[in-house]
Structures are given as C-alpha cells and as structure tokens.
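The sequence and structure come first.

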Amino acid sequence: MTEYTSDLLRLLSSRGYVHQVTDAAGLDALAAKQIVPGYIGFDPTAPSLHVGSLVQIMLLRRLQQAGHKPIVLMGGGTGKVGDPSFKDEARKLMTEETIAANIASIKTVFENFLTFGDGPTDAVMLDNAQWLDALEYLPFLRDYGQHFSVNRMLSFNSVKLRLDREQSLSFLEFNYMILQAYDFLELSRRQACRLQMGGSDQWGNIVNGIELSRRVDGTEVFGVTTPLITTADGGKMGKTMSGAVWLNPDQLGHYDYWQFWRNTDDRDVGRFLRLFTDIPLDEIARLEALEGAEINEAKKILANAATAMCRGEAAALEAAETARRTFEEGSVGDALPTHAVAGSITVVDALIALGLCASKGEARRKIGEGAIRIDDVAVTDPAAEIAVTRQTKLSFGKKRHGLLTPAS
C-alpha cells in the first residue's frame, strides 16, 4: 500500500476506496496543506439513489471526515442528456418537472451522511443546470469544443463498449462527457474545487475535466476513482432478485434495507464494513476473522451500522428487533417449517416444499400477485431461483413463513 502523508489519502486507501488517482503525489501534497473541495456528480434518474451509489456517498463522507469540503453535484442539466458510460442503450429523456422532483427527493438522503452548512468544510449541494441551462451553443463550441479530440473520446472504454456492440450512441449522449468536463471547470471557478471523484467508469470523463481546466484556466485539479464494487459471487452491488436496494425509505422499508446488509456474503463482510460503516479498522479486523455461525454476529453489526447511518438509529433498532422476533422466536410464536436445499431451488418449488402453496399453478399465481417475499423482499419472477448458501426466509403474505437452509 502506498504511503501517503495526507489524512485524506491515508483514510481512502486504508478503507479500500482508491482505484485510480490522476496525480497521487500532487493530490497528497495539496490535501496535506489545505482544505480541498471535492465533488461527485449524481444523475437524478429516479426519486431515490440506490445502494450502488452508496460508495460514492461514503466517499464524500470520508472527504469531510478528513477535514475537506464535499460538493454534491446534482445533474439537473446533464440529466437532460444522459450518461452513456457503460450503458447498453440510451436512457429515456426526462421532463424538467420529473428531474426537479427527483432532486428534491434525493436531497433528503445526503443529510444523513454529510454535514451541510456555510463553514469551510461543510457540504454544499449544487445543480449543474445552474450553468448548463444558460449555455449558448455556438459560443460554447467556439470556446471549449476546440479542447476535445474526437479520436480520444472514441478511445474511452465507456464509448467503445457501445460501439463494439454496434449499439447506437446518439450525438446527444456523446456530448455528455464534454458537459461533465465543463462542470469541473465551472466548479473550479465557482467553488475552488480541486478534486473530482467517481466510480471507475467515470475515469475518462474525469480526465477530460482535468485537461479542460488546465488548458482553459491553467488550474491544476485532480481525480480519484473507486473500484467497481461487486459482491463475492460476482454480482453487481445493490442488485437483488427483486430489484434495486433504494436508499430512500419511501422506496424501500427499513427492515428490507437492514435485511439486505444482514444477507451479505461471508466473504464480503470485512470489505463492506470498511466501505459502508465508520467502525474502526481494528474492530473490523476482529469481526471479519470470525468464522462459522459467529460471522452472523458481524453481519448484524454491519446491518445495524449501515441502516443507522442511512435511516437513523431508531430504524436500525426496529429492524433488528423485527429480525430477532422472526428468526429467533419464529412466526407468531410457532416454529417455522424448514427445507434443506443443496445448491439452489426455484421459488415455485420452494413454496411447495415448505407447504406454503399446494401446486405450481398456485405458486406462480401468488408470485404474480406480489404475495411472495424472499427475506421480506417481494419477488415477481416465477422463474427466479434462490441460491441457498445461508438461512433464507420465504413468506406468503404477512403471516405464513418458511425457512430454506443449506443442506449439510
């Protein structure tokens, strides 16, 4: 591990956030001597962000914890275009009213992770529509278009992916990386922003912004990307059988959010504790060394800490108590039916094996009606399979439950 002098890069490195840095020595030196304003952009494509965005939110939290200034940039302007990075197809264009409503809803989550205010290290939230909406096309092309090489833009992986698959990449989307680069230039001018952070898929966009700031204003700015966060089984972080794990409580209940973290794969516990909680590293080292049934205690600690940070302490306590009653006391005081599974089983077969449904036809019908839940998360695909690597609860309605357990 690289030895850094700044609290910022030491913190990010020790907790596993660093994938690429444009100039590690330069950023390290800057962060060691002054407050560094840094930003991450978020597109308001839905009323809530999901767990897949959480590593970026935590990155802003770490920035503030290290004594620097987080800037949350909402893409009210770029959201009208859509980011083509590693997407299989173009995003549907949203109305201004939808974008505004989504931003208002998303704002509420950030207040749980960051301290906002007017102080030198207080977080601020901005909307790039503030400057992008006012741009005039021909002056923008004249002043900034000259600094972008189409040849180079075509070489970025986010663009090559679409072209290699022979999928349409509209000129509208192609403009996105120019607009994001311009965001960095504007934030450098308006907020003395010296750092852009993002996922590894944003590397090309970040580099464009750094080069634009240097060429137009002669300002030295930096970029940091995080590794792609996948689960131990190779899945995408934040995706479950029933869909996205939303951060806003009106999109996903507290217990379902808590249960997502409780269901973490044994192999991911230590990494997720470092990324998504404030638990000290020495305590995390102790927790991730637990084996067998004891690792479940570490998962509960992860679930409690992650839920408390996003939803509040009361929500975490309530969710943990609900889980305790369900799994330790059984359903309404009765022992739950169990079925041992070697490997995986379809939801339909599991419902029959547990006696929750009498036939495959009934099982499919109840799944279609939204009456079936896996670990309290609704399942809608009758063909879905459950990989039974741990105790898994299957529910029919609110009062009938069964447990799937790994065959020994």
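## Surface patch

Leu138 is located in helix 6; helices (H or I, at least four residues) and strands (E, at least two) are DSSP runs, numbered from the N terminus. Leu138 counts as exposed because its relative accessibility is 63%, where exposed means over 50% relative accessible area, buried under 20%, and partly exposed in between (1.4 Å probe, protein chains only). The model is predicted: local features need pLDDT of at least 70 and side-chain atom pairs count only at pLDDT 80 or more, while totals for chains, interfaces and linings use all residues. Residues are numbered from 1 along each chain as its sequence is written, and side-chain values use heavy atoms, with hydrogens and water left out.

Together, Tyr137, Leu138, Leu141 and Phe171 make a nonpolar surface patch of about 460 Å². Patches are made of residues with over 30% relative accessible area and no salt bridge, with nonpolar side chains (Val, Leu, Ile, Met, Phe, Trp, Tyr) joined within 5 Å and like charges within 9 Å. Accessible areas come from the Shrake-Rupley method with a 1.4 Å probe, and for residues only the protein chains shown count as cover. Helix 6 (residues 137-144) gives the most to this patch, with three residues.

An open sheet of mixed pairing is formed by six strands in the order 1-6-5-2-3-4; two strands pair if DSSP finds at least two bridges between them. Strand 1 (20-21) and strand 4 (124-127) are at the edges with a single partner strand each, so one side of each has no neighbour in the sheet.

Strand 6 (residues 222-226) runs parallel to strand 5 (residues 195-199), with five bridges joining them. Met197 is opposite Val224, and Gly198 is opposite Thr225. Strand 1 and strand 6 run antiparallel and are joined by two bridges; Val21 has Val224 as its bridge partner. Both faces of strand 6 are covered, with Phe222, Val224 and Thr226 buried on one side and Gly223 and Thr225 on the other.

Arg262 lies in helix 12. Arg262 is buried but has no salt bridge, and the nearest side chain of opposite charge, Glu297, is 7.0 Å away. A salt bridge is a side-chain nitrogen of Lys or Arg within 4 Å of a carboxyl oxygen of Asp or Glu; Lys and Arg count as positive and Asp and Glu as negative, with His and the chain ends not counted. Leaving aside residues up to four places away in sequence, Arg262 touches Asn296, Lys299, Lys300 and Ala303 (contact means heavy atoms within 4.5 Å).

In helix 13 (residues 269-276), six of the eight residues are buried. The buried residues of helix 13 pack against helix 3 (54-65), helix 12 (254-262), helix 14 (281-288) and helix 15 (295-311).
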